[in-house]
Amino acid sequence: MLSHSAHWGVFRAAWDGGRLTVQPHPGDPDPNPIIDNLPSALRHPVRVTQPMVRRGWLARGPGPDATRGLDGFVPMAWSEVLDRLAAELRRVKDTHGAEAVFGGSYGWSSAGRFHHAQSQVHRFLNTVLGGYVRSVNSYSAGASGPMLPHIMGTMEEVARRNVTWEQIVDHTDVVLAFGGMALKNSRVASGGISRHVERDAMRQAAARGCRFVNISPLKTDLPEEAAFDWLPVVPGTDTALMLGMVHQLVAEGRHDRAFIASHCDGWEAFEAYLMGRDDGVPKSCDWAAGVCGIPADTLKALARSLVGKRVLVVVAHSLQRAEHGEQPVWMGAVLACALGQIGLPGGGYNYALGTLAHYGKRNNAVAAPALPQGSNGVKDFIPVARISDMLLNPGQPFDYNGQRRHYPHIRLAYWAGGNPFHHHQDLQRLAEAFRRLDTFVVHETAWTATARHADIVLPCTMTLEREDIGGTPTDPMLVAMRRVAPPIGQARDDYDIFCSLARRLGGLEAFSEGRSSQQWLRHLYARVQQGLQAMDLEAPDFDTFWERGELMLPQKPDDGGLLRAFRDDPAGARLATPSGRIQISSPAVAAFGYADCPGHPAWLPPRHAPDATHPLWLVANQPHTKLHSQLDFGAYSQAAKRQGREVCTMHVNAARARGIREGDIVRLFNEVGACLASAHLSTDLREDVVQLPTGAWYDPAVDAQGRPLCAHGNPNVLTRDIGTSSLAQGCAGQLGTVQVERFDEPLPPIRAFDSPEPPAA
Ligand SMILES: Nc1nc2c(c(=O)[nH]1)N[C@H]1C(S)=C(S)[C@@H](COP(=O)(O)OP(=O)(O)OC[C@H]3O[C@@H](n4cnc5c(=O)[nH]c(N)nc54)[C@H](O)[C@@H]3O)O[C@H]1N2
Ligand SMILES: Nc1nc2c(c(=O)[nH]1)N[C@H]1C(S)=C(S)[C@@H](COP(=O)(O)OP(=O)(O)OC[C@H]3O[C@@H](n4cnc5c(=O)[nH]c(N)nc54)[C@H](O)[C@@H]3O)O[C@H]1N2
Ligand SMILES: [Mo]
């Protein structure tokens, strides 16, 4: 039995004859079945097995190229491809400087902390090229990341060191879950997760009498164990719903004026807006009902029922992955302030609790290992989801968090451990943007659409093929990740690839510090051992840790974090906001002068709401059968497809009106693009919503009329490539607007999992 760890759980792998089996860790009360993608993925034909170079790049050399993404590839020996790549890196650096290299390389890669591909590529570019243009923030929390520090504290503090599941079990009376708290989501953590506790915590809290309210277009966003009430809100309108509830509290004088006076700043400006003293529009429940689709009486009753209760307001990441996504994040905090429970056990505001296994947990007292990334000599950056804008508009200005910046002119992009053709919006525009580069380099385990759009594709090992250490700051288990299988074909570890390049560029010592992978693991582990020794705890040496397969780290007390300290002593434990208090309104944000993100939370209608041509909301949320696009070719993910396509869920009435039956292949389309999916009919969602999860590998094809579509069901051909606002410029991919029709043409084949490599001789 070999211990190993993935973002979706700790497991044991074993070989039974020629067959690989994986078993969840015996201590995991609710294992994530996504581990079942691993055995079939290991030797799948879509793995990259040899270095490959795009034909056009080889023939014409580096430069913008309209055939990038459409062209074939030729195999090349490692020594030659590394020589050519080193020469190209040198050319770009000498001609244009390191500020012409994009190493944003966003993506989750794999759980091991040493072979973490993003850290590897950043360290390589820093130590060997002198830096790179980086990206800031994440696709997960693109709006909340920059917004929360204006309001109360960093995302880390407000999401990760705040209310725990233990507190909810013991103390919470009501959980208002905006966007729900779907178990599919909380069963995943970058760096791994040893125990999935969320299901049982909700069951126990509900059994004690805690009321869960699922405020979401999908009923399935809370599990049955939570015995919840469902408010099927119109997508993108939560801010209006929350305004209505706060209006109700204020109108009846039931808001917590003492807490607002002692802990908040800027209530007056907000209240003027709330009560309509500015614009003549009171943001009452009657007003809100017309926007958010929940009856006014339901909202009023809900607001009244919260007074005097230990209420926890939770806003899922999804709400802010949309136009004006900053607003529900801010307004959720204001709602919690009006209820006065911030900082009390199990109460207040915990942004993003339930969206990932990182949140609602205790923090480790000893840091898990991480590869140091070196320092970046280039100061340019972009908000991560502005990648296409950057490549298409070099030199052009953009707004970001009070700054006016300019897009750099990028010649070479280097990606390892992420899949922009999974994560980015408007994939046809993204393909167009990548065509502007001189050179696009990708390290991949498999032939993703990103690899297919690259010039140089270097085959790298997947996690099962190497040794590593798994760990995160909120999970006590450190995992010795044992090698389960040798590398496929000619695949190499990202680290070894970067070492070979560094040697060619004269930077090997700086990059590797003279260590092999094994030596790095020992080096990184030594810090953990020292941390344990400093606490006078048992501190096994590396070999003992490796032999045991796991090590339990000590954890800090469940102390409520920053917000508890602030509640108890607002003067002594001031927040890092301008007033030292929670900013109900923010003069700093107001001073930016952004119409799309004013100085207090406000209802801002979206530019794109359903209309006659695109009457349905698209909810493009996280998939339950995989993590993002990872191992979409694995057996567990494949088993959920129908006729090889991703499944979209629509309401029975919306389907009936369109002549669509269960299992029909449908075409989802709008002015951005189109894709196919298999229709599943349900009554567990709003009638004006169609839900298509992300993660199906982009599979471009054309229909009988020659119009482009994704044959497989990737919703990012339909999402708009717009920032959340001028403040954060975050990803707005969660929501879109579409029409759906039955697709009666012959089905285009699925080609996303065919390898472009020549068949083995
Ligand atoms: N429409 C829409 N789009 C979204 C979202 C949404 O809600 N709606 N959600 C967004 C969110 S929250 C996120 S976080 C992003 C996720 O976007 P990504 O993190 O980019 O998605 P992954 O599929 O996890 O990509 C990881 C890639 O790394 C590769 N990989 C794994 N291990 C290794 C390794 O060891 N080395 C190398 N070189 N490669 C490796 C995998 O094969 C995979 O292709 O998507 C975003 N996109
Ligand atoms: N199985 C699995 N788990 C994952 C991931 C994965 O890919 N697969 N990805 C992980 C990552 S990187 C992240 S960042 C988190 C993401 O966490 P989230 O972004 O919160 O997850 P989603 O599933 O995209 O969205 C949660 C739910 O929000 C609801 N929703 C959408 N729009 C609105 C809205 O406007 N208002 C309200 N009230 N609800 C809305 C949708 O019904 C959706 O099911 O998930 C993590 N967990
Ligand atoms: Mo994410």
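These are my notes from looking through one predicted model.

**Entry 1: annotated domains**

I began with the UniProt record, an unreviewed entry. Residues 4-43 are 12% helix and 42% strand.

The unreviewed UniProt entry gives "domain: Molybdopterin oxidoreductase" for residues 47-503. Here I found 38% helix and 16% strand. The end C-alpha atoms of residues 47-503 lie 27 Å apart.

**Entry 2: a pair of helices**

I then picked out helix H4, residues 117-129, and helix H21, residues 494-504. Their axes come within 10 Å of each other. They cross at roughly 10°. How do H4 and H21 run relative to each other, roughly parallel or roughly antiparallel? The crossing angle is under 35 degrees, so H4 is roughly parallel to H21.

I listed the residues that make the contact. H4 supplies Ala117, Gln120, Val121, Phe124 and Val128. H21 supplies Asp494, Tyr495, Phe498, Leu501 and Ala502. I sorted the residues of this contact by class: eight are nonpolar, one is polar and one is charged.

**Entry 3: ligand 1**

I moved on to ligand 1. How many residues surround ligand 1? I noted 34. The closest are His423, Glu444, Asp494, Ser629 and Asn716. Asp494 was already in my notes, as part of the H21 side of the helix contact.

I looked up some polar contacts too. The side chain of Thr445 has an N or O atom 3.2 Å from an oxygen atom of ligand 1. Gln622 also uses its side chain: a polar atom there lies 3.0 Å from an oxygen atom of ligand 1. Gly733 uses its backbone. One of its backbone N or O atoms is 2.9 Å from a nitrogen atom of ligand 1.

**Entry 4: ligand 2**

Which residues are closest to ligand 2? They are Lys184, Asp221, Gly236, Asp238 and Ser318. In total, 33 residues surround ligand 2.

I checked polar contacts again. Ser216 has a polar side-chain atom 3.3 Å from an oxygen atom of ligand 2. For Lys626 I looked at the backbone, where an N or O atom lies 2.9 Å from a nitrogen atom of ligand 2. His628 also makes a backbone contact. Its polar backbone atom is 2.8 Å from an oxygen atom of ligand 2.

Note on methods: Residues are numbered from 1 along each chain as its sequence is written. Chains are lettered from A and ligands numbered from 1 in the order in which they are written. This is a predicted model: local features need pLDDT of at least 70, side-chain atom pairs count only at pLDDT 80 or more; totals for chains, interfaces and linings use all residues. Side-chain values use heavy atoms; hydrogens and water are left out. UniProt positions are given in the numbering used here, feature names are shortened, and annotations may be inferred rather than shown by experiment. Helices (H or I, at least four residues) and strands (E, at least two) are DSSP runs, numbered from the N terminus. Axes are lines fitted to C-alpha atoms, for helices over the stretch in contact, and angles run from 0 to 180 degrees between N-to-C directions. Angles under 35 degrees count as roughly parallel, over 145 as roughly antiparallel, 65 to 115 as roughly perpendicular and the rest as oblique. Contact means heavy atoms within 4.5 Å. Ala, Val, Leu, Ile, Met, Phe, Trp, Tyr, Cys and Pro count as nonpolar, Asp, Glu, Lys and Arg as charged, and the others, Gly among them, as polar. A residue is near a molecule or strand if one of its heavy atoms lies within 4 Å of it. A polar contact is a pair of N or O atoms within 3.5 Å; within protein, one must be able to donate a hydrogen and the other to accept it, and residues adjacent in sequence count only if both atoms are side-chain atoms.
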